[in-house]
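I opened a new page for this one. My plan was to look up a few things and jot down what turned up.

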Amino acid sequence: QNTRATPIAMSRFGQRKLAAVGLDSLYVPHGVETNVFRQMPEHRAGLREMFGVPQDAFIVGMCAANTGVTPPRKAFPQVFQAFAELLKDHPDSYLYLHTLLSSPVGMDLMALASQCGLPVERLLFTGQVAYALDLVDTNGVAAIMNMFDVLANPSYGEGFGIPIIEAQACGVPVIVNDCTSMPELCGSGWVVGGDEWYDPGHGA
């Protein structure tokens, strides 16, 4: 049925997928407020001091909603296992999680950390009440990102992946998977491979 509507794709990946089924679409990517998401060295030092983290420590950050267990789309298990490997050679590293540590529609991340052998003292996270009540505004998220040395966002798939461009606007390189929209957003960082597997929910 012709609705006369014009589809809008937020990524080139999405635009290609629409074209594959015969739909012409506009390309309108998401943006980032660069007056908010920017390099702020004063926040980097201050937040590290607040969390009791040495100024020269290496911090891997994640900003990802803890939703979904079949699959855990944001790849928390893979990131936790990779961080466990990083700790073997760099025991002064930390993993910061801007998410809910436990969610009725997500994973128990502290149980996952235990399974991966991650010492609890190497985990940092946003205050859970503040996160749950949405009290951390965009300025707060930008400040948190400035504390990172790298953002880990190797999601199983992203329609876009806003934290990827927000982190880079803060001067933080990113790690993303080589699929869906993520490679086209990685200007500073690393695009990594993964294992292909069939997801019946996506039919792909």
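This is a predicted model: local features need pLDDT of at least 70, side-chain atom pairs count only at pLDDT 80 or more; totals for chains, interfaces and linings use all residues.

**Entry: salt bridges**

By that rule I get five salt bridges. I looked up R48 and its partner D149, and their closest N and O atoms are 2.9 Å apart. R48 is in helix α2, while D149 is in the loop between α6 and β6 (150-153), so I wrote down a link between distant parts of the chain, 101 residues apart. Is R48 buried or exposed? R48 counts as buried, because its relative accessibility is 0%.

Next I turned to E158, which has two partners on my list. The salt bridge from E158 to R73 has its closest N and O atoms 3.7 Å apart. E158 lies in the loop between β6 and α7 and R73 in the loop between β3 and α3 (76-89), so this pair ties together parts that are 85 residues apart in sequence. K74 also forms a salt bridge with E158, and there the closest N and O atoms are 2.7 Å apart. K74 is in the loop between β3 and α3, and the pair links parts of the chain 84 residues apart.

E158 counts as buried, because its relative accessibility is 8%. K74, at 14%, counts as buried too. R73 is partly exposed, with a relative accessible area of 32%.

One more note on pairing: salt bridges that share partners join R44, R48 and D149 into one network.

**Entry: nonpolar cores**

Which residues touch the most other members of the largest nonpolar core? I found F37, I59, Y96, M145, F148, L151 and V174, out of 30 residues in that core. Then I asked which elements give two or more residues to this core, and my list reads β3 (58-63), β4 (93-98), α6 (138-145), α7 (162-169), β7 (174-177) and α8 (182-185). Helix α6 gives the most, with five residues.

I picked L151 to follow up. Leaving aside neighbours within four places in sequence, L151 is in contact with G61, M62, C63, P163, I164, A167, V172, P173, V174 and I175. There is also a second, separate core of 21 residues, and F76, V79, F80 and L95 are among its members.

I8, L26 and V28 make a nonpolar surface patch of about 280 Å². Where does V28 sit? V28 is in the loop between β2 (26-27) and α2 (41-51).

**Entry: Q128**

Q128 is partly exposed, with a relative accessible area of 25%. What does Q128 contact, leaving aside its neighbours within four places in sequence? I noted T99, L100 and L101. The side chain of Q128 reaches the backbone oxygen of T99 at 3.1 Å. I also looked up H98: the C-alpha atoms of Q128 and H98 are separated by 9.1 Å, with the two residues 30 apart along the chain.

Technical notes. Residues are numbered from 1 along each chain as its sequence is written. Side-chain values use heavy atoms; hydrogens and water are left out. A nonpolar core is a set of buried Ala, Val, Leu, Ile, Met, Phe, Trp, Tyr and Cys residues joined through side-chain atoms within 4.5 Å. Buried means under 20% relative accessible area, exposed over 50%, partly exposed in between (1.4 Å probe, protein chains only). Helices (H or I, at least four residues) and strands (E, at least two) are DSSP runs, numbered from the N terminus. Contact means heavy atoms within 4.5 Å. Patches are made of residues with over 30% relative accessible area and no salt bridge: like charges are joined within 9 Å, nonpolar side chains (Val, Leu, Ile, Met, Phe, Trp, Tyr) within 5 Å. Accessible areas come from the Shrake-Rupley method with a 1.4 Å probe; for residues, only the protein chains shown count as cover. A salt bridge is a side-chain nitrogen of Lys or Arg within 4 Å of a carboxyl oxygen of Asp or Glu. A polar contact is a pair of N or O atoms within 3.5 Å; within protein, one must be able to donate a hydrogen and the other to accept it, and residues adjacent in sequence count only if both atoms are side-chain atoms.
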